[in-house]
Amino acid sequence: MKLVFLGPPGAGKGTQADVLSKKFGILHISTGDILRQAVKDKTPTGLKAQEYMNKGELVPDEIVTKITTERIQKTDAKDNFILDGFPRTIAQADDLGAFLNNNRAKIDLVLYFETSDKVAIQRLTGRRVCKACGAIFHLKNMPPKKQGTCDKCGGVLYQRTDDTEETVKNRLVVYKKQTQSLIDYYKEKGILRTVSGDLDVNELFVVMVDLFKKEGLAV
Ligand code: AP5
């Protein structure tokens, strides 16, 4: 099953992809995570990407498309993957379509997480991430048992540099300008399905699994 998760920052794409990945073994590919790792490793890609990410702007298409298509070519992505945060522009979507077509593959479903700005801002400004294992928490919605410490591995929790209120607001503007048009793009291809990103984590997970079953996708 090959899925794209589309939606504004804070819609819960990463959280749901993580649960699906753990429950059903579907590979979770997050372009944001790959880029953050490159920034941490100070690779040439990371150094270029950092200035865009810090401002909440999109990293140039050619950089993101290259890292994503390279990742999809690995053997563990042959049958199943969730693309979380890619594509984010029409050019990325066109390039992804052409790449998959050349490899006799296709996206089965694009899941659009429809989410209000108010919810997205509350979620992102309260998000905390584990430095060691990447687990996602929220100060109010999904608080760790011990403040500042990851429940899963005991690692230190931190706030992403782009999760300040000012940068979050810019990310939402960027999403509306550059990414929202992908809703119609995939609607026209007949593969877009919409779920409410405002639902709570468990409710949304049940809705998603029901939807996959209705669509005849094996989970
Ligand atoms: P990226 O890391 O992809 O960020 P994003 O798309 O902005 O998405 P987020 O990770 O912020 O939100 P999410 O929907 O995954 O929410 P989450 O599950 O974490 O990208 C970062 C940057 O990298 C971009 O700004 C850009 O610069 C660059 N980039 C990445 N991809 C790119 C591309 N294709 N092209 C160009 N540039 C690219 O949840 C958020 C919080 O809410 C968490 O605290 C969580 O605990 C909580 N939560 C989640 N779900 C629920 C729920 N249902 N109820 C209550 N709380 C919830």
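Let's start where two helices meet: Asp117, Ala120, Ile121, Leu124 and Thr125 of α6 are in contact with Glu165, Val168, Lys169, Arg171, Leu172 and Lys176 of α7. Keep in mind that this is a predicted model. The axes of the two helices come within 10 Å and cross at roughly 135 degrees. An angle over 145 degrees would count as roughly antiparallel, and 65 to 115 as roughly perpendicular, so α6 and α7 end up as oblique to each other. As for handedness, α6 passes α7 in a right-handed crossing.

Now stay with α7 itself, which covers residues 165–179.

Which residues of α7 are buried? They are Thr167, Val168, Arg171, Leu172, Val174, Tyr175 and Thr179. Looking down the helix axis, you'd find these buried residues within an arc of 165 degrees, so they line one face of α7. Glu166 and Lys177, on the other side of the helix, are exposed. The cover over the buried residues includes the strands β1 (2–6), β4 (109–114) and β5 (127–130). Helices contribute too, among them α3 (44–55), α6 (117–125) and α8 (181–188).

Next, go to helix α4 (residues 61–72), where you'll find Arg71. Is Arg71 buried or exposed? Its relative accessible area is 19%, and the cut-off for buried is under 20%, so Arg71 counts as buried. Leaving out residues up to four places away in sequence, Arg71 touches Leu27, Ile29, Ile34, Asp76 and Ala77.

The loops have a few backbone details worth a look. Pro87 lies in the loop between β3 (81–84) and α5 (90–102). The peptide bond joining Phe86 and Pro87 is cis, with omega at about 0 degrees.

Two other loop residues have positive phi values without being glycine. One is Lys42, with phi near 55 degrees, in the loop between α2 (31–40) and α3. Lys42 has a relative accessible area of 62%, and since exposed means over 50%, Lys42 is exposed. The other is Arg104, whose phi is about 50 degrees; you'll find Arg104 in the loop between α5 and β4. Arg104 is exposed as well, with a relative accessible area of 82%.

Notes. Residues are numbered from 1 along each chain as its sequence is written. This is a predicted model: local features need pLDDT of at least 70, side-chain atom pairs count only at pLDDT 80 or more; totals for chains, interfaces and linings use all residues. Side-chain values use heavy atoms; hydrogens and water are left out. Helices (H or I, at least four residues) and strands (E, at least two) are DSSP runs, numbered from the N terminus. The expected span of a helix is 1.5 Å times one less than its number of residues. Buried means under 20% relative accessible area, exposed over 50%, partly exposed in between (1.4 Å probe, protein chains only). The arc is that of the directions from the helix axis to the C-beta atoms. Contact means heavy atoms within 4.5 Å. Axes are lines fitted to C-alpha atoms, for helices over the stretch in contact, and angles run from 0 to 180 degrees between N-to-C directions. Angles under 35 degrees count as roughly parallel, over 145 as roughly antiparallel, 65 to 115 as roughly perpendicular and the rest as oblique. A crossing is left-handed if the near helix is turned anticlockwise from the far one by less than a right angle, and right-handed if clockwise.
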